[in-house]
Amino acid sequence: MKIIRLKNEEQVGLEASKIVINEINKKNNIVLGLATGSTPIPLYNNLIKFYNEGKVNFASVKTFNLDEYKGLKPTHIQSYRYFMNEKLFKHINIDLNNTHVPNGIDVENPSKYDLLINENGGIDLQILGLGVNGHIGFNEPNTDFNSLTSEVNLTESTIKANSRLFASIDEVPKKAISMGLKSIMNAKKIVLLATGKNKAKAIQQLIEGKLSVDWPCTILQEHSNVIVIIDEQAASEL
Ligand code: GLP
């Protein structure tokens, strides 16, 4: 695991964007795994900036997002589909037909998502954020390390952490559709981003802890091509 420690979230986003652009420029029909949340926003802002400067072309890029809230339509302002459209896709020349977010409404047979990823050649580069409790995607503590895309229950701590984006905590869905830990581990390369003091414990477990379902992120210790990019605050318990 390669660890890159930087000063702040802006630098983390910039560094991650350089990695993504470098990979796209090596393989223009790359399959990207994308994440939502506040952490990757500086990354997406930099991708948009580099696109506007003519340094990257998304015309042949395909994307698969990690997760979606169960019960939220793609047009719902808190849905992850809406987030991706607003924060990235509508600002770049990506073909929306090449972008995929798990379906939060028609949730029958969610593991079809893994089949679709495989049919597209698998994920070349997976971007990950990190939950305060060490979740990746929406794979909460005690998730089976062999899990594929499925319907999952959110823990109280995740519901609370994510309630900041909803009008009230009662509006936060209690379930989601998430790529599984195995789905994530199948990616050829993984870049995990974490910023802020509230991620420090999960980062400490990811880097120094024992492999354990108590901290789902520790599964990444078993992957041969992972880059962890963190700011000073997220690194503060190392
Ligand atoms: C959600 C998402 C995760 C994300 C996490 C952290 O729970 N399902 O994929 O990593 O939030 O979000 P943030 O970056 O806002 O702290």
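Student: How do the residues of the shell around the ligand divide into nonpolar, polar and charged?
Tutor: There are four nonpolar, nine polar and one charged. Here Ala, Val, Leu, Ile, Met, Phe, Trp, Tyr, Cys and Pro count as nonpolar, Asp, Glu, Lys and Arg as charged, and the others, Gly among them, as polar. Keep in mind that this is a predicted model, where local features need pLDDT of at least 70, side-chain atom pairs count only at pLDDT 80 or more, and totals for chains, interfaces and linings use all residues. Numbering runs from 1 along each chain as its sequence is written.

Student: Which of the residues around the ligand come nearest?
Tutor: G37, S38, T39, G129 and F138, out of 14. A residue is near a molecule or strand if its C-beta atom, placed from the backbone, lies within 6 Å of it.

Student: OK, the sheet. What's the strand order?
Tutor: β1-β10-β9-β6-β2-β3-β5, an open sheet of seven strands with parallel pairing. Strands (E, at least two residues) and helices (H or I, at least four) are DSSP runs, numbered from the N terminus, and two strands pair if DSSP finds at least two bridges between them.

Student: And which are the edge strands?
Tutor: β1 (2-6) and β5 (99-100), and each of them pairs on one side only.

Student: How many bridges join β3 to β5?
Tutor: Two, with β3 (residues 62-65) and β5 running parallel. T63 has T99 of β5 as its bridge partner. On the β2 side, β2 and β3 pair over four bridges, also in the parallel sense. There, G33 is partnered by F64 of β3, and V31 stands opposite K62.

Student: Which way do the β3 residues point?
Tutor: K62 and F64 go one way, T63 and N65 the other, and all are buried. Buried means that 20 or more other C-beta atoms lie within 10 Å of a residue's own, exposed means 12 or fewer, and partly exposed is in between, with C-beta atoms placed from the backbone. β2 does likewise: V31 and G33 point one way, L32 and L34 the other, and all are buried. In a regular strand the side chains alternate between the two faces of the sheet.

Student: Switching to helices. Which residues of α3 are buried?
Tutor: Y80, R81, F83 and M84, in a helix that spans residues 80-87. Seen down the axis of α3, they fall within an arc of 160°, so they line one face of the helix; the arc is that of the directions from the helix axis to the C-beta atoms.

Student: What do they pack against?
Tutor: β2 (31-34), β3, β4 (67-69) and β5. Contact here means C-beta atoms, placed from the backbone, within 7 Å.

Student: How many residues has the largest nonpolar core?
Tutor: 59, and those with the most contacts inside it are V191, L192, L193 and C217. A nonpolar core is a set of buried Ala, Val, Leu, Ile, Met, Phe, Trp, Tyr and Cys residues joined through C-beta atoms within 7 Å. Strand β9 (residues 189-194) gives the most to this core, with five residues.

Student: Where is L193, and what is it in contact with?
Tutor: L193 sits in β9 and is buried, because 27 other C-beta atoms lie within 10 Å. Leaving aside neighbours within four places in sequence, its contacts include V12, A16, T39 and I127. The C-alpha atoms of L193 and G13 are separated by 8.2 Å, although the two are 180 residues apart along the chain.

Student: And what does C217 touch?
Tutor: L130, G134, I136, A202, Q205 and L206, not counting residues up to four places away in sequence.

Student: Loops now. What's phi for N109 and for N142?
Tutor: N109 is near 55° and N142 near 80°, positive values in residues other than glycine. Most residues other than glycine have a negative phi, and most peptide bonds are trans. N109 is in the loop between β5 and α4 (112-119), while N142 is in the loop between β6 (125-128) and β7 (150-153).

Student: Is N109 buried or exposed?
Tutor: Exposed, because N109 has 10 C-beta neighbours inside 10 Å. N142 counts as exposed too, with 10 C-beta neighbours inside 10 Å.

How values were computed. Contact = placed C-beta atoms within 7 Å.
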